[in-house]
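This report describes selected local features of one protein chain. The sequence and structure come first, and the notes follow.

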Amino acid sequence: MDKLFYEAEKEMFVLHNPYVGTEHFFLSYLKIYGSNVISYDEFKNYVREIIGYSYKMSEYVLYTPILRYIKNNIRDVKDSIRYILSNEDSIAYNILKVKNVDCEEIMKELESV
């Protein structure tokens with residue numbers, strides 16, 4: 001799990017976002033594990049399109065409440081992704097829904113990870 005959080009922080013800095021959120025964590029998941037439902041590049045483009053960039057790179061690593069909850073309470077990669085993909089307050093979930101990506105298919109795929 002630490003590697004996922006580390007990669008999520010890197011994604012936040014690359015995208016010049018002010019916080020590390022579920023979208024960054026899901027990007028790190030896609031980068032490390034991959035998916036047949038949605039690719040890392042495809043989801044990253046969705047994040048860029050919907051969230052956009054900040055002009056100033058953040059100096060701090062701040063986690064959103066959902067990601068802090070995952071960091072403090074969930075120790076399993078599959079459980080963390082299930083939590084993100086079933087939480088309507090998750091930015092990753094909302095990006096996938098807006099782009100008509102089937103979260104259920106991604107969750108089915110988790111069984112093989």
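## Helices and loops in a predicted model

Thr-22 is found in helix H2. The model is a predicted one. With a relative accessible area of 2%, Thr-22 is buried, because buried means under 20% relative accessible area. Setting aside neighbours within four places in sequence, Thr-22 is in contact with Thr-64, Ile-66, Ile-84, Ser-90, Ile-91 and Ala-92. Several of these residues come up again below.

**Helix H6.** Helix H6 covers residues 91–98, and its buried residues are Ala-92, Tyr-93, Ile-95 and Leu-96. They span an arc of only 165 degrees around the axis, so they lie on the same side of H6. An α-helix has 3.6 residues a turn, so residues three or four places apart point the same way. What do the buried residues of H6 pack against? Their partners are helix H2 (22–33), helix H3 (40–50), helix H5 (77–85) and helix H7 (103–109).

The N-terminal end of H6 is capped by Ser-90, which has a side-chain oxygen 3.3 Å from the backbone nitrogen of Ala-92. Ser-90 and Ala-92 are also among the contacts of Thr-22.

**Helices H4 and H5.** Helix H4 consists of residues 65–73, and its axis comes within 11 Å of the H5 axis, crossing at roughly 155 degrees. That angle makes H4 roughly antiparallel to H5, because angles over 145 degrees count as roughly antiparallel. The contact is made by Ile-66, Tyr-69 and Ile-70 on the H4 side and by Ser-80, Tyr-83 and Ile-84 on the H5 side. The crossing in which H4 passes H5 is right-handed. Ile-66 and Ile-84 are also among the residues in contact with Thr-22.

Most residues other than glycine have a negative phi. His-16 has a positive phi, near 55 degrees, and so does Asn-100, near 60 degrees. His-16 is in the loop between helix H1 (2–14) and H2. Asn-100 is in the loop between H6 and H7, just after H6.

| Residue | Phi | Relative accessibility |
|---|---|---|
| His-16 | near 55 degrees | 23%, partly exposed |
| Asn-100 | near 60 degrees | 70%, exposed |

Asn-100 counts as exposed because its relative accessibility is 70%, and the cut-off for exposed is over 50%. His-16, at 23%, counts as partly exposed.

Technical notes. Residues numbered from 1 in each chain as written. Predicted model: local features only at pLDDT ≥ 70, side-chain atom pairs only at ≥ 80, totals over all residues. Heavy atoms only, no water. Buried < 20%, exposed > 50% of the residue type's maximum accessible area, 1.4 Å probe, protein only. Helix = DSSP H or I, 4+ residues; strand = E, 2+ residues; numbered from the N terminus. Arc of directions from axis to C-beta. Contact = heavy atoms within 4.5 Å. Polar contact = N/O pair within 3.5 Å; in protein donor to acceptor, adjacent residues only side chain to side chain. Axes fitted to C-alpha atoms, helices over the stretch in contact; angles between N-to-C directions. Parallel < 35°, antiparallel > 145°, perpendicular 65-115°, else oblique. Left-handed = near helix turned anticlockwise from the far one by under 90°.
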